[in-house]
Amino acid sequence: MTRAVCACLDADVRRLIVADEDFEAALEARELIARTGKSVDFLRVFRASTLAEAWAIVSKNGNRSQSRRAGAILRLPRPRRPRPEPLSIPEIRIPPSLGRSLLVSASGAHHLLFLGPKGTGKSTAGDLLIHLLPDPSPSELLEGLLIRELTAASGQRSPDDRPPVVRVPPSIRPAGLIGRYLRDLYQPGAFCLADRGLLIADELAEWPRDSREALREPLERRSVTIHRQRGPLESPARFILVATANLCPCGNYSPTRSKLTCRCSPRERDRYLSHLSGPVLDRIDLVSLIDVPSDSTQKNWPLLREFRDQALFTRSFLQSRLGLLPGELEPRKIEEVAGSVASSYPGYFDLVSLRGRHKLMRVALTLAALEGKTEIEEHHLFEASLFRPERWAPTSNA
Ligand SMILES: [Zn+2]
């Protein structure tokens, strides 16, 4: 329905007749478009439950009494939907190390991988990131609505006007991620549906190989190419990836606790983690361990909401300086902005691949910005190096 309303406005159409059941959606769409600053007042929306009613509206050409008899509504009510309530953030305390990972990811739009034994709340930890992201602008909401209307869940809109969160299970197939054409109609996949939001990838090490490979393009280019007979189609995929993975096939291995009951051999663990290495891990800036927390210190943990203001402030600081966030910078741009740091602190860049070098620079840029600084200092590089995967997945070669 949003698409139809947009098309009417673009084509200067003055009257739109919709089926009864689409009337609410048409009003919502018109109102959302008005919030983007576009003029919508000239478009009148009529409702009709039968073709005869629609005909009465058309043939009488605005004759009010006839149209009213036909069940049409000539004038739209003023927008009734209030601006969404400010986001309510759950009043929960989180481990400082988890908070730091979420803060860095949200501030710089860095993809994030949580590693750790099963049962430590890795998956829930990813959900928390949404609370640190800014509310979408009306035009971003409109874009999201247009994308979601292409799916079977048409007309649905996220109830609280938050960025989309799309969770994908390990069984996902490439078509479910990339999208496809069905009878010449584009069906967006998870990548497109998560645009400007979060893509939560549970148990990434257990994904089929071709699905993991499919992640490569959107992680690198923030868009995805759909191949079809009439030529390729570009679809946006500007999401932050939050992936989770166990450290071994049984899921019990923890590098910091020996008591957990993992019976996997080092070779089995290596083979399991090797599923993450290469193209995918190469494109994830932050890798963080989530382990079984000790209960004793919980009351001193920071509140989740304490991280939100800092993340929002740092994002606008970085955006005004770079135009983009560090996680979105292309290799050429990151060299331009931060390349000199490699000659100032060569020790951090020895034996690091080109992608690894750019990851260090991107994360260090965000860490510096969190302190309100534009120059990367050594302690930023040190902390950035703690987010490298080699700490927890020594077999990977990213
Ligand atoms: Zn195990």
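This is a predicted model: local features need pLDDT of at least 70, side-chain atom pairs count only at pLDDT 80 or more; totals for chains, interfaces and linings use all residues.
The secondary structure of the chain comprises 17 helices and 11 strands. Of its 398 residues, 37% are buried. Among the contacts that join residues at least 6 apart in sequence, 73% link residues that are at least 24 apart.

Five of the strands, taken in the order β4-β7-β10-β3-β11, form an open sheet with parallel pairing. Its edges are formed by β4 (165-168) and β11 (286-289), each of which pairs on one side only. When direction is ignored, neighbouring strands of this sheet are turned against each other by 15 degrees on average. At one end of the strand order, β4 runs parallel to β7 (residues 198-201) and is joined to it by 4 bridges, and valine 168 has alanine 201 of β7 as its bridge partner. Helix α5 (residues 96-108) lies across β3 (112-115), β10 (240-245) and β11, and its direction makes an angle of about 165 degrees with that of β11.

The buried residues of α13 are Phe307, Ala311, Thr314, Arg315 and Leu318. Viewed down the helix axis, the buried residues of α13 fall within an arc of 110 degrees, and they therefore line one face of the helix. Asp309, Ser316 and Ser320, by contrast, are exposed on the other side of α13. After α13 comes glycine 323, which has a positive phi, near 85 degrees.

Helix α1 is followed by aspartate 12, for which phi is positive and near 60 degrees.

In soluble globular proteins, nonpolar side chains tend to be buried together. In the present model, the largest nonpolar core has 79 residues, and those with the most contacts inside it are Leu129, Phe191, Leu198, Leu199, Leu241, Ile284 and Ala364. Helix α16 gives the most to this core, with 9 residues. Apart from this core lies another, of 16 residues, including Met1, Val5, Cys8 and Ile57. The contacts of phenylalanine 191, when its neighbours within four places in sequence are left aside, are with Leu177, Ile178, Leu199, Pro218, Val224, Ala237 and Phe239.

Several loop residues were also examined. Most residues other than glycine have a negative phi. Alanine 109, although not a glycine, has a positive phi of about 55 degrees; alanine 109 lies in the loop between α5 and β3 and is buried, because 23 other C-beta atoms lie within 10 Å. Arginine 222 is likewise not a glycine and has a positive phi of about 60 degrees. Arginine 222 is placed in the loop between α11 (216-221) and β8 (223-226), and with 19 C-beta neighbours inside 10 Å it counts as partly exposed.

Glutamate 203 is located in the loop between β7 and α10 (209-214), and its 17 C-beta neighbours inside 10 Å place it in the partly exposed class. Beyond its neighbours within four places in sequence, glutamate 203 is in contact with Pro170, Thr244, Ala245 and Asn246. Between glutamate 203 and serine 171, which are 32 residues apart in sequence, the C-alpha to C-alpha distance is 9.7 Å.

How values were computed:
Residues are numbered from 1 along each chain as its sequence is written. Two strands pair if DSSP finds at least two bridges between them. Helices (H or I, at least four residues) and strands (E, at least two) are DSSP runs, numbered from the N terminus. Axes are lines fitted to C-alpha atoms, for helices over the stretch in contact, and angles run from 0 to 180 degrees between N-to-C directions. Two residues are in contact if their C-beta atoms, placed from the backbone, lie within 7 Å. A residue is buried if 20 or more other C-beta atoms lie within 10 Å of its own, exposed if 12 or fewer, and partly exposed in between; C-beta atoms are placed from the backbone. The arc is that of the directions from the helix axis to the C-beta atoms. A nonpolar core is a set of buried Ala, Val, Leu, Ile, Met, Phe, Trp, Tyr and Cys residues joined through C-beta atoms within 7 Å.
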